[in-house]
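Subject: A structure for you to explore

Hello,

Here is the structure I promised to pass on to you. Have a look at it first, and then read my notes below with the picture open beside them.

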Amino acid sequence: MVELYPNDFVDVPEVAVRHQLQNYVRNVRCDPKFANLNGLSDLCAKLVETKKCNTFDIVYKLLKLALVLPVETASVERVFSAMKFVKSQLCNKMGDQWLNDRLVTFIERDVLGTINNDVILAHFQEIDTRRFSL
């Protein structure tokens, strides 16, 4: 009877990633175009420029993920923080669309702060006839 141990099974995707990483490191160390880069964004740009992003596609995807993840995480945290603020102020008595409208204006308040109120009023006056002037 043959005994099997957890280490006897090989995770094929993990092996492929390790193999590509090893080849990538060897390849890039020998290429002078990769000598004086300043950060991950420069590295990604150089991979595209040299078309090595096609050869080392897994490495390229990992690098893009490393560049995007902090920004996306911050954006999500910002939205949840805004939602908590808006919902707590109104004691959770609102519908989804109403909440969505308020969150957009709260999250983009820096942009909205640059728009003159008279321009907004004029825009809404033109949309539909109203019983009274805004």
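To start you off: does V79 count as buried, partly exposed or exposed? V79 counts as partly exposed, at 36% relative accessibility. You will find V79 in helix 4, which covers residues 57-89. If you look across from there, the C-alpha atom of V79 is 9.1 Å from that of V104, although the two residues are 25 apart along the chain.

Please keep in mind that this is a predicted model.

Now for the overall picture. The chain has seven helices and zero strands, so its pattern along the sequence reads α-α-α-α-α-α-α. Of the 134 residues in the chain, 16% are buried.

K46 is buried, at a relative accessible area of 18%, whereas E49 is exposed, at 56%.

C44 brings us to the cysteines. How many disulfides does the structure hold? The count is zero. For C44, the nearest cysteine sulfur belongs to C53 and is 9.2 Å away. That distance is too far for a bond. Both cysteines are buried: C44 has a relative accessible area of 7%, and C53 has 13%.

Most residues other than glycine have a negative phi. K51 is not a glycine, yet its phi is positive, at about 65°. K51 counts as exposed, at 57% relative accessibility.

Another joins R18 to E14, with the closest N and O atoms 2.7 Å apart. R18 and E14 both lie in helix 1, four residues apart, again about one turn of the helix. R18 is exposed, at 51%, while E14 is partly exposed, at 37% relative accessibility.

What does D31 form a salt bridge with? The partner is K52, and the closest N and O atoms are 2.8 Å apart. D31 lies in the loop between helix 1 and helix 2, and K52 lies in helix 3, so the pair ties together parts that are 21 residues apart in sequence. D31 is buried, with a relative accessible area of 14%, and K52 is buried as well, at 13%. The side chain of D31 also has a polar atom 3.0 Å from the backbone nitrogen of K33.

Finally, turn the model to look at its surface. L112, I115, V119, I120, F124 and I127 form a nonpolar patch there, with about 480 Å² of accessible area together. Helix 7, residues 117-127, gives the largest share of the patch, four residues. I127 is in this helix.

Enjoy exploring, and write back with any questions!

Best wishes

Technical notes
Residues are numbered from 1 along each chain as its sequence is written. This is a predicted model: local features need pLDDT of at least 70, side-chain atom pairs count only at pLDDT 80 or more; totals for chains, interfaces and linings use all residues. Side-chain values use heavy atoms; hydrogens and water are left out. Patches are made of residues with over 30% relative accessible area and no salt bridge: like charges are joined within 9 Å, nonpolar side chains (Val, Leu, Ile, Met, Phe, Trp, Tyr) within 5 Å. Accessible areas come from the Shrake-Rupley method with a 1.4 Å probe; for residues, only the protein chains shown count as cover. A salt bridge is a side-chain nitrogen of Lys or Arg within 4 Å of a carboxyl oxygen of Asp or Glu. Helices (H or I, at least four residues) and strands (E, at least two) are DSSP runs, numbered from the N terminus. A polar contact is a pair of N or O atoms within 3.5 Å; within protein, one must be able to donate a hydrogen and the other to accept it, and residues adjacent in sequence count only if both atoms are side-chain atoms. A disulfide is a pair of cysteine sulfur atoms within 2.5 Å. Buried means under 20% relative accessible area, exposed over 50%, partly exposed in between (1.4 Å probe, protein chains only).
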